[in-house]
Amino acid sequence: MSMSTERPVPPAPGSPGAGLERINPPHLAPPTGFSHAVRATSGTMVFLAGQTALDAAGRIVGDGIVAQFERALHNLLAAAAASGAGPSDLAKLTVFAVDVADYRHHARELGQVWKRLVGSDFPAMAVIGATRLWDEAALVEIEGIAVVR
């Protein structure tokens with residue numbers, strides 16, 4: 001079986017995502033909201049701790065999975081920015097959800113949040129069901145890896 005991959009033209013050096021190549025083999029199901037693989041071609045890896053919908057005072061904010069996902073993603077992007085990484089530098093994300101069915105039910109809205117905050121560059125990604133998170137009121141937690149030049 002051929003292991004050919006779709007190889008997009010890499011970004012110019014110094015541009016966002018320049019150290020990443022998103023790979024989506026044509027013999028796998030088309031990805032929706034993620035990339036099958038992301039190869040770091042150069043750069044420094046930044047490991048981003050799990051972020052929930054905590055506000056600056058340490059309280060979970062947002063009613064429902066969409067509002068909490070938006071806040072958690074905002075928090076993750078803030079940690080990434082403080083490390084010199086932009087949204088297009090995200091190579092790998094793991095989303096932990098206490099109710100995967102609810103997450104799937106709101107997939108379109110979550111995708112709209114993603115596109116507004118991050119754009120159309122998708123990392124390798126997984127959604128994992130969790131019985132509960134560190135903060136009992138948290139519905140979702142997002143951790144990730146970014147690659148910056």
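Reader: What pLDDT does the chain average, and how many of the residues score at least 70?
Author: The chain averages a pLDDT of 88, and 88% of the residues score at least 70. pLDDT is the predictor's confidence in each residue, from 0 to 100. This is a predicted model, in which local features need pLDDT of at least 70, side-chain atom pairs count only at pLDDT 80 or more, and totals for chains, interfaces and linings use all residues. Residues are numbered from 1 along each chain as its sequence is written, and side-chain values use heavy atoms, with hydrogens and water left out.

Reader: Where does pLDDT stay under 50?
Author: Over residues 1-15. The model has 24 contacts there beyond four places in sequence. Contact means heavy atoms within 4.5 Å. Where pLDDT is low, the predicted coordinates should not be read in detail.

Reader: What pattern does the chain follow?
Author: Along the sequence, the pattern is β-β-β-α-β-α-α-β-β. That gives three helices and six strands. Helices (H or I, at least four residues) and strands (E, at least two) are DSSP runs, numbered from the N terminus.

Reader: Why is Trp114 called buried?
Author: Buried means under 20% relative accessible area, exposed over 50%, partly exposed in between (1.4 Å probe, protein chains only). Trp114 has 4% relative accessibility, so Trp114 counts as buried.

Reader: Why does Phe122 count as buried?
Author: Its relative accessible area is 19%. The cut-off is under 20%, so Phe122 is buried.

Reader: What makes Trp114 and Phe122 an aromatic pair, and why stacked?
Author: A pair of aromatic rings is described by the distance of the centres and the angle of the planes. Rings of Phe, Tyr and Trp (its six-membered ring) pair if their centres lie within 6.5 Å; planes under 30 degrees apart count as stacked, over 60 as edge-to-face and the rest as tilted. The structure holds two aromatic pairs. Phe69 and Tyr103 are edge-to-face, with 6.2 Å centre to centre and 75 degrees between the planes. Phe69 lies in helix H1 (residues 64-82) and Tyr103 in helix H2 (residues 100-105), 34 residues apart. Both Phe69 and Tyr103 are buried. For Trp114 and Phe122, the values are 6.3 Å and 20 degrees. The centres lie within 6.5 Å and the planes are under 30 degrees apart, so this pair is stacked.

Reader: How many residues has the largest nonpolar core?
Author: It has 25 residues. A nonpolar core is a set of buried Ala, Val, Leu, Ile, Met, Phe, Trp, Tyr and Cys residues joined through side-chain atoms within 4.5 Å. Those with the most contacts inside are Phe69, Leu73, Leu90, Trp114 and Ile142. H1 gives the largest share, eight residues.

Reader: Which residues does Leu90 contact?
Author: Beyond its neighbours within four places in sequence, the contacts of Leu90 include Leu48, Leu76, Trp114 and Ala146. Leu90 also stands opposite Ala146 in S6.

Reader: How do you know that S4 and S6 pair?
Author: Two strands pair if DSSP finds at least two bridges between them. Seven bridges join strand S4 (residues 90-97) to S6, and the two run antiparallel. Strand S3 (residues 44-51) is joined to S6 by six bridges, also antiparallel. Val46 stands opposite Ala146. Of the nine residues in S6 (residues 140-148), seven are buried.

Reader: Why does Asn75 count as buried?
Author: The relative accessibility of Asn75 is 12%. That is under 20%, so Asn75 counts as buried. Asn75 is in helix H1. Not counting residues up to four places away in sequence, Asn75 touches Gln51, Thr52, Ala53 and Leu54.
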